[in-house]
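Please brief me on this protein model.

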Amino acid sequence: MTTLPAAPVLSPSALAAIPAALAGIRARIAAAARRAGRAPDAVTLVAVSKFHPQSSVVAALEAGQMVFGENRVQEAAGKFPSLRADWPALRLHVIGGLQTNKALDAVRIADMIESLDRPALADALVRAADRAGRLPDLLVQVNTGDEAQKSGVPRAQADAFITDCRRRFGDAVRGLMCIPPADRDPAPHFAFLAELGRAHGLEVLSMGMSADFEAAIAAGATHVRVGSAIFGQRPATATPDPDRGAGE
């Protein structure tokens with residue numbers, strides 16, 4: 001079993017900073033959308049709360065944030081189920097690489113799984129959905145940089161994989177997700193994902209993080225994943241993630 005780092009205990013001042021940080025990100029999202037000729041409400045902010053305590057999530061919920069992203073199912077299970085009674089509009093996205101043996105847990109807890117990236121996981125999600133009696137919305141993760149250390153279906157296999165997933169899951173496949181290479185201009189990767197989405201008639205595009213979400217919005221992102229700009233830097237004890245956890 002994976003041992004997760006202990007959640008930090010935040011000071012009142014750190015918790016008090018979250019609403020202002022959220023307001024600043026929302027303002028930047030709205031401005032980026034307007035520059036792109038889009039309505040601000042066409043872009044959903046996914047607040048990435050990985051490695052941050054439940055108290056941080058509550059502070060964001062109290063500030064009106066309802067959509068959250070977590071990369072580890074075990075961590076999400078410790079934070080979110082107890083919050084749904086008070087915040088029924090809360091939506092949880094699983095955004096990190098998903099092991100097949102965690103598929104059932106993810107199906108039970110998530111409203112959206114953004115990291116469908118290989119046939120073995122598709123098989124596991126079919127079995128999990130049968131057992132759980134529910135299937136979250138799904139995004140196909142595309143490895144737009146074909147980086148060996150990252151999750152995501154390779155570019156050359158993306159068309160065939162998307163087609164197969166839509167055959168198997170139908171309308172539950174809502175769109176696509178990507179994490180551009182950290183050391184390259186993200187714009188061509190966002191453009192590639194947007195074109196791939198158009199080719200398959202998929203409207204949801206989850207792309208863009210703290211450092212590049214405005215460029216993603218210009219390219220058509222419908223969801224942006226922002227963590228550090230809202231919650232602060234993740235704790236130093238957090239385990240490094242080659243995917244950068246699909247949000248930062």
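Leaving aside its neighbours within four places in sequence, which residues is threonine 144 in contact with? They are Arg155, Cys178, Ile179, Pro180, His189, Phe192 and Leu193, where contact means heavy atoms within 4.5 Å.

This is a predicted model, in which local features need pLDDT of at least 70, side-chain atom pairs count only at pLDDT 80 or more, and totals for chains, interfaces and linings use all residues. Residues are numbered from 1 along each chain as its sequence is written, and side-chain values use heavy atoms, with hydrogens and water left out.

**Threonine 144**
- Threonine 144 sits in the loop between E5 and strand E6 (153-154). Helices (H or I, at least four residues) and strands (E, at least two) are DSSP runs, numbered from the N terminus.
- Threonine 144 has a relative accessible area of 2% and is buried. Buried means under 20% relative accessible area, exposed over 50%, and partly exposed in between (1.4 Å probe, protein chains only).
- One of its contacts, Cys178, is itself buried at 0%.

**Strand E1 and its partners**
- Strand E1 covers residues 44-48, and four of its five residues are buried.
- E1 pairs with strand E9 (residues 223-226) in the parallel sense, over four bridges. Two strands pair if DSSP finds at least two bridges between them.
- E1 also runs parallel to strand E2 (residues 67-70), joined by two bridges.
- E1, helix H2 (residues 54-62) and E2 form a right-handed β-α-β unit. Right-handed means that, with the strands pointing away from the viewer, the path from the first strand over the helix to the second runs clockwise.
- In a regular strand, side chains alternate between the two faces of the sheet.

**Cysteines**
- How many disulfides are there? The count is zero, with a disulfide taken as a pair of cysteine sulfur atoms within 2.5 Å.
- Cysteine 165 is buried, at 0% relative accessibility.
- Cysteine 178 is buried as well, with a relative accessible area of 0%.

**Salt bridges**
- The structure holds eleven salt bridges. The rule asks for a side-chain nitrogen of Lys or Arg within 4 Å of a carboxyl oxygen of Asp or Glu.
- Lysine 79 and glutamate 70 meet at 2.7 Å, N to O. Lysine 79 is buried at 6% relative accessibility, and glutamate 70 is buried at 0%.
- Arginine 118 and aspartate 117 meet at 2.6 Å, N to O. Arginine 118 is partly exposed at 27%, whereas aspartate 117 is buried at 9%.
- Aspartate 137 and arginine 174 meet at 3.1 Å, N to O. Aspartate 137 lies in strand E5 (residues 137-143) and arginine 174 in strand E7 (residues 173-178), so the pair ties together parts that are 37 residues apart in sequence.
- Aspartate 137 is partly exposed, with a relative accessible area of 26%. Arginine 174 is partly exposed at 35%.
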